[in-house]
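Let's read through a structure together, one feature at a time. Keep the picture in view while we talk.

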Amino acid sequence: MIVTTMEKPPAEVIERAKGLAEELSSRYVPRRRETIRGLERAKADAHDGVLVVGPQELRFVHGEEPPLFFHPSMALIRVKRLREGDTDSLLRAARPSPGDVVLDGTAGLASDALVLSYAVGESGRVIALEASKVLHTVVREGLRTYDTGMDDVNRAMRRIEAVHAEHLAYLKALPDRSVDIVFFDPMFSRPVMESTSILPLRTVARDERLTPETVSEALRVARKRVVLKEHRDSKEFGRLGFAKSRRTASSVAYGVMEVNDVK
């Protein structure tokens, strides 16, 4: 992978691109007048993708796949509904309270993390883990700079702690009962292909199934519950012991394990 910039970048964007290249152990390549496709063809180390740095946004481009960039997507609509007094299917399953600490073990584009951050409020905390370094970087920077036009939603984004980590290793390092809720939204075992926002994600996200060991660690760490989001027809709920599958009107369902039920 290489890191470059938008066309005619100001000096601060160039410096930001160089810093990100160093962080990602990648090479910074000046954009000059070259196209992104041209850079991909000309630079051998660009075959794994190109991270394009702009004043506000990062875009990861890889071949013919749709570019990956941070955007709240449906999460913004969901939070707007919460602002109007409506509820959300994730919140009905996870039941966070203001001030709760939530660990999102599979952050992706941090859409669910944003909904959870809004729900737990200023006194709460959401830690969003992402195993893919590229995806983590794009999302971390997006959470820091994206402007929704709504101060309370912006604050909810800024409060999310984006961490580059593999969830099992991170969970093992945590003390018992150190967070309130652990949430997992792995790549669905049965993809929802009509979800266009997910397509760019699949080029960079770590597509690994949850293990019983991971769930066991989550139950050790959680004070209240562990929540799994999956396709409504998924067999992962049964395989991992999530007997309480809470269906929604969409193709999504939530499995919930209450900590008090498994002690």
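Q: How far apart are the end C-alpha atoms of helix α1, and what span should its residues give?
A: Helix α1 covers residues 11–23, and at 1.5 Å a residue its 13 residues should span 18 Å; the end C-alpha atoms are 19 Å apart, which agrees. The expected span is 1.5 Å times one less than the number of residues. Helices (H or I, at least four residues) and strands (E, at least two) are DSSP runs, numbered from the N terminus.

Q: Before we go on, what kind of model is this?
A: This is a predicted model, where local features need pLDDT of at least 70, side-chain atom pairs count only at pLDDT 80 or more, and totals for chains, interfaces and linings use all residues. Residues are numbered from 1 along each chain as its sequence is written, and side-chain values use heavy atoms, with hydrogens and water left out.

Q: Which residues of α1 are buried?
A: First the general idea: an α-helix has 3.6 residues a turn, so residues three or four places apart point the same way. In α1, the buried residues are Val13, Arg16, Ala17, Leu20 and Ala21. They cover an arc of only 140 degrees around the axis, which puts them on the same side of α1; the arc is that of the directions from the helix axis to the C-beta atoms. On the other side of α1, you'll find Ala11, Glu12 and Glu22 exposed. Buried means under 20% relative accessible area, exposed over 50%, and partly exposed in between (1.4 Å probe, protein chains only).

Q: What covers the buried residues of α1?
A: The cover includes β1 (2–5), β2 (27–28), β3 (50–53), β4 (58–61) and α6 (133–145). Contact here means heavy atoms within 4.5 Å.

Q: What do the buried residues of α7 pack against?
A: Helix α7 (residues 151–159) has Val153, Asn154, Ala156, Met157 and Arg159 as its buried residues. Those pack against α3 (74–83), α5 (111–120), β7 (125–130), α6 and β8 (161–164).

Q: How should I read phi, and where is it positive?
A: Most residues other than glycine have a negative phi, and most peptide bonds are trans. Here, Ser25, which follows α1, has a positive phi near 55 degrees. Arg32 also has a positive phi, near 50 degrees; Arg32 sits in the loop between β2 and α2 (36–42) and is exposed, with a relative accessible area of 67%. Then there's Arg95, with a positive phi of about 50 degrees. Arg95 lies in the loop between α4 (89–94) and β6 (101–104), and is partly exposed at 38% relative accessible area.

Q: Which residues does Gln56 contact, leaving aside its neighbours within four places in sequence?
A: Gln56, in the loop between β3 and β4, is in contact with Arg16 and Thr145.
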